[in-house]
Amino acid sequence: MKSNLIDFNKYYSPEEVKGYELFIGREGEYYKVKTRYESDNNCTHYKWAEAYLEKIGVSQLLENEDIKKKCKTSLEVLVHYFGFIRYTHAYNSREAYLNIPNRLYFGYTLSKKQINSLYDLMNYNHDRIDDNIINQIENMDYMMVDSIHQKYRR
């Protein structure tokens, strides 16, 4: 996928990103990946992360041995090394799935701005906010962070 077709703009309100799968940056900004009902053939979080790392000139990070021990994909680098949140849904679901930084990897915890942006977005989209989500966000239950997406990564 050509990176000139990917939206790298920053958005700051849930209204601007309504109906999108996205990333939330360290300052609480939103990055659109694709609409919730758009085919993965257009863009995925993995493709977006790869293009983003290329855009900022750090795609070689996956060659670093210390990073490679913890991150196998560009998406994992974006989440764990740069501290982004991945926000997505199973098809036709109100249940949000998150990948959040594992603080044991590179010391990142969610910023207050990220938490606020995430809750604002989930409230705006009428996502189901259950104990799993709250534990991940508030208590940083890192045992669940990556396991939630295992079945969706294949």
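Which residue lies over the face of Phe106? That's Lys70, at 5.2 Å from the ring centre. A charge counts as sitting over a ring if NZ of Lys or CZ of Arg is within 6 Å of the ring centre and within 35 degrees of the ring normal. Lys32 does this with Tyr11, at 4.3 Å from the ring centre.

A quick note on the ground rules: this is a predicted model, where local features need pLDDT of at least 70, side-chain atom pairs count only at pLDDT 80 or more, and totals for chains, interfaces and linings use all residues. Residues are numbered from 1 along each chain as its sequence is written, and side-chain values use heavy atoms, with hydrogens and water left out.

Now for rings meeting rings. Rings of Phe, Tyr and Trp (its six-membered ring) pair if their centres lie within 6.5 Å; planes under 30 degrees apart are stacked, over 60 edge-to-face, and the rest tilted. That gives twelve aromatic pairs, and here are two of them:

| Pair | Centre to centre | Angle between planes | Type |
|---|---|---|---|
| Tyr31 and Trp48 | 5.5 Å | 55° | tilted |
| Tyr105 and Phe106 | 6.5 Å | 80° | edge-to-face |

Tyr31 belongs to strand β2 (residues 30-35) and Trp48 to helix α1 (residues 45-55), so their pair ties together parts 17 residues apart in sequence. Helices (H or I, at least four residues) and strands (E, at least two) are DSSP runs, numbered from the N terminus.

Buried or exposed? Buried means under 20% relative accessible area, exposed over 50%, and partly exposed in between (1.4 Å probe, protein chains only). Tyr31 is buried at 2%, and Trp48 is buried at 0%. Tyr105 is partly exposed at 27%, and Phe106 is partly exposed at 27%.

Finally, Tyr31 and Trp48 belong to one aromatic cluster that also takes in Phe8, Phe23, Tyr52 and Phe84.
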